[in-house]
There are 2 protein chains.
Amino acid sequence: MKKRVTIQGVAGCYHDAAARGYFSGEDIDTIECDSFPALMDALSLDASLLGIMAIENTIAGALLQNHELLRMGHALIIGEYKMRISHSLAALPGQDIDELTEVNSHPMALRQCEQFLLRYPAMKRIEKFDTAGAAREIAENKLTGHAAVCGEYAARLYGLNVLASGIETNKRNFTRFLILADPLVAADLKPGEKDIDKSSIVFTLPHSKGALSKVLTILSFYDINLSKIQSMPIIGREWEYRFYADLTFDSYVRYCQAIEAVRPLTNELRVLGEYVECKNEI
Amino acid sequence: MKKRVTIQGVAGCYHDAAARGYFSGEDIDTIECDSFPALMDALSLDASLLGIMAIENTIAGALLQNHELLRMGHALIIGEYKMRISHSLAALPGQDIDELTEVNSHPMALRQCEQFLLRYPAMKRIEKFDTAGAAREIAENKLTGHAAVCGEYAARLYGLNVLASGIETNKRNFTRFLILADPLVAADLKPGEKDIDKSSIVFTLPHSKGALSKVLTILSFYDINLSKIQSMPIIGREWEYRFYADLTFDSYVRYCQAIEAVRPLTNELRVLGEYVECKNEI
C-alpha cells in the first residue's frame with residue numbers, strides 16, 4: 001500500500017520535499033496540514049498515516065513547541081532526515097527577472113533572501129502564508145510580473161521557471177525533520193536492532209545540584225554519545241527541569257542497558273523513538 | 001544621567017515594559033529598534049546605550065538567533081528579567097466590545113488569543129508588524145471599530161481603553177529578557193561579587209563521548225548548578241558541538257574556580273555575563 005505522509009504546508013513545501021527525500025525510491029502521497037498541532041491530530045485520528053515534522057533548524061534553532069507536541073502525543077519517531085533549505089526565485093515561464101514587479105513568499109523566506117532582493121528594488125515584497133503556496137498562487141492565477149521565493153521542488157511542481165537559485169544569504173540553513181508513526185505502525189516500520197543507532201528521549205530531573213551530571217556520566221560509562229541536549233523549565237513545577245536529548249550509539253543492547261541505568265535517577269523518562277541516524281552531509 | 005535602553009519593537013511593546021520593569025523606580029528612555037540584529041548594531045555603535053533582548057519564552061522556546069547574536073557581539077549581560085506576557089483587547093475610549101469590526105495585532109499574538117477571539121466572530125483579524133504598533137495606529141488615526149491585541153502597558157501609553165485583559169489561551173506565557181551593556185559600561189553597572197549568583201557561558205567541546213559529562217561533573221563538584229543547557233551543532237565543524245549554559249551558584253569565588261577548572265576541557269569558553277538571578281515568580 002502506498003504510504004500517506006502528513007506534511008505541514010501545501011504540496012511542494014519543504015516538508016513535502018523532505019518526505020520525498022526520506023522515502024526516495026517510493027511513490028508516496030503527502031497530505032497537507034496547516035499547522036503542527038493539526039498534523040499531530042491527524043496522526044492520532046488515523047493510525048495508518050505517517051507524519052513528518054521539522055524539529056530544529058540551524059538558523060531558527062530548536063522548535064520547542066514541536067518537542068512538546070511529541071512529548072504530549074503518542075506518535076513515535078521512526079526516522080530522521082536532514083535537508084538544506086535553499087530558496088529559489090521562480091516565476092511563470094517566459095518572464096524575465098527585470099519584468100518582475102512583485103515577489104511573494106513567507107516573511108521568513110523573504111528575510112532570508114534580503115541581500116539578493118535588495119538588488120531588485122523594483123520588486124515589491126508581499127508576505128504570504130507559505131513559500132509553496134506563493135508559487136501555487138502564481139501558477140494557478142497566471143500572475144505575470146510576480147515571482148515567488150520558494151524551494152526548487154515547489155517551482156517544478158507548479159510549472160514555474162527558476163530565475164535564480166540558492167538566493168538565501170546564509171547558505172548554512174539546514175532543517176532536521178522527524179518521521180512519525182502510530183506506535184503500532186512504528187513497530188512494523190522500525191529498523192532492525194542492528195541498524196538502530198540513535199534515540200530521542202525526554203526526562204525530568206529534580207532541580208538539585210549535579211542531577212544532570214550524574215545522568216550524563218552514566219550514559220558516558222555505557223558509551224552513549226549525546227548529539228543534542230536541551231533543557232526546558234517546567235512552569236508551575238520550578239523544582240524540576242525537563243530535558244530533551246538525542247543519543248547516538250554503536251550497540252543497541254548497551255543503549256537499552258544505559259536507559260535502565262539512568263531511569264531510577266530521573267522522575268519521568270520517555271523514549272520518543274529509536275531510529276537510524278541521518279548521515280546526510282550538513 | 002538618564003539611562004537609554006534600546007528595545008526591539010515600538011514604544012509600549014513587551015520589551016519596553018520589561019525594560020521599565022527591570023529598571024523600576026528609575027526614569028529611563030527607551031529607543032526603538034526594528035530587529036534584534038539592529039539592536040546589537042546600535043549597542044556596538046554607542047557604548048553609552050544599554051539594551052534589552054528576549055532570550056527564551058515558555059511557549060516559543062529558546063531564541064537561538066539571539067544566543068548567536070550575543071556570542072558574536074561584544075556586549076555583556078548585566079542582568080535578567082522574567083515577565084509574564086499577557087495580552088489585552090484595547091480600543092478607543094467609549095467603544096463597546098460589540099461595536100468592533102476589526103482586531104489588529106502581530107500574528108503570533110492573534111493566534112495566542114484564538115479562543116477568546118472565536119467568541120467575537122464579527123471582528124476581522126488583521127495582522128500587523130507588532131502588538132504595540134497596532135495600538136499606536138488605532139490611537140493616532142482614531143480608528144473607531146478597531147481593537148488591538150497588545151499589552152496593558154501599550155494600551156495605557158496610547159490612551160486606549162482595555163475591554164478585556166488576560167485574553168491569551170495559555171496563561172503560562174513567560175519571557176526571559178537579558179539586559180545588555182558595552183563591556184566598559186558593564187564593569188560599572190555590574191553588581192558586587194557578593195550579589196552575583198548567575199552566569200551565562202558558551203563553550204565548544206570536541207565531539208567525543210563523555211566530553212559534556214566531564215564538564216558537568218566538575219561543575220557539580222564545585223557546587224555550581226545548571227539552570228539551562230542547550231546544544232547547538234556547529235555547521236561545517238561537525239566534530240564539535242557548542243553549548244549555551246546558565247549557571248547558578250552561592251559563592252562567586254567557587255564559580256570562578258569552576259570556570260578555570262573546566263576551561264582546559266573545552267575548546268572555546270566565553271563568559272557572556274555575570275549577574276543577579278531574577279527571582280520573579282514564574
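Colleague: How many residue pairs are in polar contact across the interface of domain 1 and domain 2 of chain A?
Modeller: Six, with both residues at pLDDT 80 or more. A polar contact here is a pair of N or O atoms within 3.5 Å; within protein, one must be able to donate a hydrogen and the other to accept it, and residues adjacent in sequence count only if both atoms are side-chain atoms. This is a predicted model, where local features need pLDDT of at least 70, side-chain atom pairs count only at pLDDT 80 or more, and totals for chains, interfaces and linings use all residues. Residues are numbered from 1 along each chain as its sequence is written, chains are lettered from A and ligands numbered from 1 in the order in which they are written, and side-chain values use heavy atoms, leaving out hydrogens and water.

Colleague: And how many salt bridges does the rule find across that interface?
Modeller: One (a side-chain nitrogen of Lys or Arg within 4 Å of a carboxyl oxygen of Asp or Glu).

Colleague: Which side chain does R136(A) meet in a salt bridge?
Modeller: That of E32(A), at 3.4 Å, N to O.

Colleague: OK, new topic. What are the domain bounds in chain A?
Modeller: Domain 1 is 4–84 + 173–189, domain 2 is 88–165 and domain 3 is 198–275; the bounds come from an automatic or database domain assignment.

Colleague: How much area is buried between domain 1 and domain 2 of chain A?
Modeller: About 900 Å², with carbon and sulfur atoms giving 58%. Buried area is the accessible area (1.4 Å probe) that two parts lose on being put together, summed over both.

Colleague: Which three residues supply 45% of what domain 1 of chain A buries there?
Modeller: V10(A), G12(A) and Y14(A), more than any other three residues.
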